[in-house]
Amino acid sequence: MDEVAEPTRAEGEVLVNVQAAAVAHLDATVASGTFDLKPPLPYAGGVEGAGIVVECDAGAGLEPGDQVMLRGAGLGLLRDGTWTERVSVPAKATTRLDAPLSPEIAATFFVPATTAFVVLHDVARLAEDEEVIVVGAAGAVGSMVAQQARLAGAKVTGIVGREDQLTDVPDGVTGVCLDSTEGVERLAADRSASLLVDTLGGDGLVARTRWVRPGGRAAVIGYVTGTEVRVDLPSWLLDDVALLPVNMIRQERRARQVAGDLVKRLSAGELEVAVQKYAFADAALALEDLRAGRVRGRAVLVP
């Protein structure tokens, strides 16, 4: 890391004091050098962040002092991102927040909160009084899915990979560890849930769909434990559980539509995002912890 020149605002851009910058899996992918998008070196990473407007064009819909979320327009991909104290960004990369949030939440809420909403209400079409199983309930996205399902009136079971993660399961959610043979066998025997939301993927996906009753559905968000799964068609047809893909790249417009209401719920304390804070100088450590799975919630850099 090194000192860089103070940024100057270009026409059509917004100058922002960065209060917090997320460290996302996409940042780790870009930093690896194996991704197709390679920003010119040296570059500042950070595809998400939050800060306070310093200067902007008249008529931009913003005023100095506004709190904004930073995301899009090639931030951290095609141009310098949010891992810096001050940044000038295209106006379309800023979203003014309608309710105040702490900087670290403002920088990290968008992906988990909007993904959870789209999964539950647009893809799975959750109805009141359903029983939902969330796999990966201690993670940022899984935790948010569990919280929003509870708010919608569902009975929720949260699955975690390790015993110590049970304390990270949201309030009101029944936690079950994958290492618990008794707990997993009970889920398979009861098959009382109508919806499974899976953030892990991998070989175990099909077995987890058998925790859902026939006629139910399984929404697949991620693949952190593996990118491939084998489906035995006769068994799958007999199980009668629909597999629903969740493509948040295609849902970006919808995510921005629902973000405003989610910001208000976060500001009111109805929803929570767990964060693990690092100093800006520790960005490399944050990336290392993220790759090793040592981050609880979302990693965020703060000045």
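1. Helices (H or I, at least four residues) and strands (E, at least two) are DSSP runs, numbered from the N terminus. This is a predicted model, in which local features need pLDDT of at least 70 and side-chain atom pairs count only at pLDDT 80 or more, while totals for chains, interfaces and linings use all residues. Residues are numbered from 1 along each chain as its sequence is written, and side-chain values use heavy atoms, with hydrogens and water left out.

2. Strand 11 (residues 242–245) contains Leu243. Leu243 is partly exposed, at a relative accessible area of 34% (buried means under 20%, exposed over 50%, partly exposed in between; 1.4 Å probe, protein chains only).

3. Leu243 belongs to a nonpolar surface patch with Val229, Val231, Leu233, Trp236 and Leu237; together they have about 500 Å² of accessible area (Shrake-Rupley method, 1.4 Å probe; for residues, only the protein chains shown count as cover). Patch residues have over 30% relative accessible area and no salt bridge, and nonpolar side chains (Val, Leu, Ile, Met, Phe, Trp, Tyr) are joined within 5 Å, like charges within 9 Å. A salt bridge is a side-chain nitrogen of Lys or Arg within 4 Å of a carboxyl oxygen of Asp or Glu. Helix 7 (residues 233–239) gives the most to the patch, with 3 residues.

4. In helix 4 (residues 140–151), 9 of the 12 residues are buried, including Met144 and Gln148. Just after helix 4, Gly153 has a positive phi of about 95°.

5. The whole structure has 0 disulfides (pairs of cysteine sulfur atoms within 2.5 Å). Cys56 is buried at 15% relative accessible area, and Cys177 is buried at 3%.
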